[in-house]
Structures are given as C-alpha cells and as structure tokens.
Amino acid sequence: MVLIPQRSASQDKGINATKPPASKPVTGPPLPIPVARHAGPPILTPTHLAPAKCFEQDQDSQWNKYLFRPGELAWFNRGNAWGLCVILKRTLTRDHQNHDRAKYL
C-alpha cells in the first residue's frame with residue numbers, strides 16, 4: 001500500500017502552485033514485479049572459409065602441418081643460448097615412420 005502525505009498549510013506558504021488533489025491509498029492484490037528474462041547469448045554457427053588464394057594460404061589452413069610462416073621471426077634454442085631467426089622457406093619431409101615433418105630455412 002502506498003500513502004502520499006498531504007502538505008500542511010505551513011508548507012504551502014510562499015508557493016503559488018496549485019495544490020494537487022489528495023490521492024487515495026492503493027488497495028487490492030500487489031502487482032507482480034516484472035522479471036527481466038535473459039535469453040542468453042545467440043547461437044553461433046561456423047561459416048565456410050573462402051577458397052585459398054595461393055599455395056601458402058592453403059598450407060596454412062591445414063591443421064598441424066607447419067608451426068611458422070615465411071617472414072615470421074622465431075626464437076630457437078642453440079643449446080646454452082637462444083637465437084632469433086627469420087623464416088625464409090619451409091618444406092615438408094617424411095621421416096622413417098612416414099610422418100610429415102616441417103623443415104625451416
């Protein structure tokens with residue numbers, strides 16, 4: 001129930017505004033409080049990749065073939081120290097178990 005108090009005559013002195021009519025208390029069952037419903041994040045669906053424009057792009061799109069790309073800077077372990085190199089060329093070679101191994105220059 002909501003009650004709005006009426007102003008007294010001493011509060012109205014100096015105010016030229018018209019007096020609003022007194023409101024009646026609201027009776028009856030309480031109104032339900034609206035609950036915001038969150039539908040969650042939208043469901044995302046994967047899109048198809050555009051066709052590869054060159055051989056390098058095709059090789060990069062294949063999983064677990066190469067670790068580095070030509071032109072990339074890479075750190076490598078030289079035993080006691082680390083070295084920095086630029087990948088100029090990459091090739092795949094087959095080991096004795098017939099697995100592809102990446103070779104970098």
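Because the model is predicted, local features need pLDDT of at least 70 and side-chain atom pairs count only at pLDDT 80 or more, while totals for chains, interfaces and linings use all residues. Numbering starts from 1 along each chain as its sequence is written, and side-chain values use heavy atoms, with hydrogens and water left out.

Let's start with the fold. The protein has two helices and four strands, in the order α-α-β-β-β-β along the sequence. Here helices (H or I, at least four residues) and strands (E, at least two) are DSSP runs, numbered from the N terminus.

Next comes the surface. Of the 105 residues, 5% count as buried, meaning under 20% relative accessible area with a 1.4 Å probe and protein chains only; exposed is over 50%, and partly exposed lies in between.

Now for the rings. The whole structure holds two aromatic pairs, where rings of Phe, Tyr and Trp (its six-membered ring) pair if their centres lie within 6.5 Å; planes under 30 degrees apart are stacked, over 60 edge-to-face and the rest tilted. Phe68 and Tyr104 form an edge-to-face pair, 5.4 Å centre to centre with 75° between the planes. Phe68 lies in the loop between helix H2 (55-60) and strand S1 (73-77) and Tyr104 in strand S4 (residues 100-104), so this pair ties together parts 36 residues apart in sequence.

| Residue | Relative accessibility | Class |
|---|---|---|
| Phe68 | 23% | partly exposed |
| Tyr104 | 27% | partly exposed |
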